[in-house]
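Hi there,

Here is the structure I promised to pass on.

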Amino acid sequence: MNQEPLPAVEGRKAEPERLQLTLPIRNHSSSSSNSFSCGGSASRTMALRSEHSSVYVALYFFIIALSTLTVGASGGSGSKVLSLLQPYDFLYYSGVRAYYGGEWAKAAELLEKSLQTKEALLRTRRQCHDDCVASGTDALNKLDSEEGSMWDLWTLDWIQQRAECLRFCIGRSVTPTGQLPVSNDIEYEFDTRNPYNFLQVTYYKLEKLKKAASAAHTYFVANPSHLEMRNNIEKYRRMKGLTEDDFQDREIEKHWILYDAAVQHEASSDWLQATEKWKACVNETLWQTDECRVQCEVAPRLLPEDRGVDGVDGVFEKAAALSLSLLSCRQSCVTQVATRPGRISAQEDFLQTQLEHLHIAQFKSGDVSGALQTLRSFLLFYPSDKDSLDNLQLYYETLGGDAESHGMQPAQEIVKYINQSLQEKKLLYFGVENLNFNFTDPDLWTPEDVVPASVRENWRVEKQKINEKINEGDQLEEVDDSGFYAGGPVPQVGVTITMDDEALNGTNRVVLDGLMTEKECDKILQLATVAASLGDGYRGRRSPHTPHETFEGLTVLRAVKLSQEGLVNQSDTRLLHELGERVRTLLHSYFRSPSGLFISFTHLVCRSATTDDQEGRMDLSHPVHVDNCLLEPETKQCWREPPAFIHRDLSAILYLNDNFDGGELFFTKRDAKTVTARVKPSCGRLVGFSSGPVNPHGVTAVTRGRRCALALWFTKEELYRDMEREDAETLWAADGQGVLKNNKEEEEKEGSAIAGRNARSHATKERSRGRNIVMESKDEL
């Protein structure tokens, strides 16, 4: 067996004395059953349905909260206790104890059972909530009858019937101790996926490597900065019998899969597929939000504590505090559903962003009626948004301005969502103003008139802080913590600096000319023509980014193997290898790398325009991305976590030709739209830049001809050096041939190339592109 992975259990460990069963539970999201449909036919507006007068609105939330409290206090015992769901925190604690005792099989069984039991508990609560919805409706109906003067008794009747139903239903499946709230420590362990931390080592000890890899990946997704787990995953990847398919996220959330898929289809201008994915994403987001809200109702909830020994809160004050706590929990579901695993902050306006993307995708795919309905849904959140109102007018005009299009109503599910949320906010802000309740509004769209005048100023300040946080990406772009500092010497004779940071409007960027002669460019172009294979570096996909271009690739190792078989010229293969060292030496000097710089990957890539109609193309040859993190243009954040190549520190492109149309490299700000610089390819031109979030970049469409370039990435970590290059050197050594090593004299000798043309023809322009999170394969340039 290969080298053993280290147990990634640094930091917090589950300690027996900390696993109490007396503190309140936190909330989770699972799934429910809302559905959002956007089609051509009009939908009638669905207002928040209420069978009773508004005087009972606040009472309703109190009833829900109090019935939950009643269920949470249930007890009892029975002869079938052992067949019921046990406390998942106790199972987890027992599994951790077995882990530290070296009882690997027992630890795996208990840890898995704790995860399964927690999920089963959430499902049971949801099912019981649905089964008990009708309980107490007879008493509820009497609230508006002639006997309404006894409203307090009918209310208590409703509460008791609902509580009895929930108590009986949950008690059939869960032990009394299993119904108790778990400690904050246990909630922390499960929220951070720590059971998988223990499971990955446990399964390794049991030699169940596929399960170990899956557990390690599941933990790492939620803890992307955990260095020990990162190293463990690299060790698993090198183990025989494991493939990429074994690294599965066992806690994957469907709405994020749909979101990322929709973004990818949008980036490749596949508007029909983008429309379907955005619709499904909206549905799933509503579903997850509803499920989270249900869990707020049915999870155990403690009574609000008296404020000191002299507390004067009576029944109504306590009831109000309990109902406000429930409403606050429901509102927080917006943040919970919009937060990716492993991230601290939620994506602002998550549902609204999806609606915005959806109506654009619908319009571009020809479903103008659907786009109109979705846009009207979006305008419920932001009724005065100028761009949206302009789009609304465009959609009306496209449909001919008929009465039917003007009568198109928003989606019923969105109307219901907004009305319910607004009513909750009104009650919460009343509590803030009059009952000293603390509430942080999770939404940016909340209308100002919902907020009481007495707290409106503080609300504006908090809203401004959130807006500033969203916009801080512009300031973040000015800071590069890569450790590189552009402006060092250029050691190769004949190489000139054509564009520097100032000319490229950025940080740690450079364009160098004269790195290759025309003859050398021709040699590598010929090598690409003979040896490059379609889809190489893109998992066999001929057109990974756009259907209007085909991609071919060649690695150094494959070129060496082909040269040994006599299929390509050996001197051309050596030149391909040597160019990597030439670039590494130049950039190591120019960017003044304080440590060693290793080639991480080298890829000769050609992209060719297809023979179909290229006129009016709006897509990109390569969408805007960052090489070592996942760019999120909406939030201007870049997440350094898998599947990004987080070990990449420096990127480079060495161009080989210019006899094609399009194919320009361009840099943007983090919004992926504001272009800051452009670079036109030519033979021997090298573009180098740090691989981090200060340098988002993309490639414009190649509309004619074939664009070839040598893409290189460098790392400061020797662990991630390009092993294929070393394999190639080993093959040469086995043939009794030395490997050309660059020293200063050889660099000067090889650097006798002629200086290239000046490239200072660039312009900063706005470019309206779709927003996306980029997850590419090996070739990122």
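**Disulfides in the model**

Cys606 and Cys708 form a disulfide, with 2.0 Å between their sulfur atoms. Please keep in mind that this is a predicted model. The Cys606–Cys708 link is right-handed, with 115 degrees about the S-S bond. It joins distant parts of the chain: Cys606 sits in strand S5 (residues 598-609) and Cys708 in strand S16 (residues 706-715), 102 residues apart. Both Cys606 and Cys708 are buried.

Another one is formed by Cys521 and Cys683, whose sulfur atoms are 2.0 Å apart. The torsion about its S-S bond is about 95 degrees, so the Cys521–Cys683 disulfide is right-handed. Cys521 belongs to helix H20 (residues 518-531), while Cys683 lies in the loop between strand S12 (675-679) and strand S13 (686-690), so this pair ties together parts that are 162 residues apart in sequence. Both Cys521 and Cys683 are buried.

Then there is the disulfide of Cys128 and Cys169, with sulfur atoms 2.0 Å apart. This link is left-handed, with -85 degrees about the S-S bond. Cys128 is in helix H3 (residues 104-131) and Cys169 in helix H5 (residues 151-171), so the bond ties together parts 41 residues apart in sequence. Cys128 is buried, at a relative accessible area of 2%, and Cys169 is buried too, at 5%.

One more cysteine for your notes: Cys281 counts as buried, at 0% relative accessibility.

Key: Residues are numbered from 1 along each chain as its sequence is written. This is a predicted model: local features need pLDDT of at least 70, side-chain atom pairs count only at pLDDT 80 or more; totals for chains, interfaces and linings use all residues. Side-chain values use heavy atoms; hydrogens and water are left out. A disulfide is a pair of cysteine sulfur atoms within 2.5 Å. Helices (H or I, at least four residues) and strands (E, at least two) are DSSP runs, numbered from the N terminus. Buried means under 20% relative accessible area, exposed over 50%, partly exposed in between (1.4 Å probe, protein chains only).
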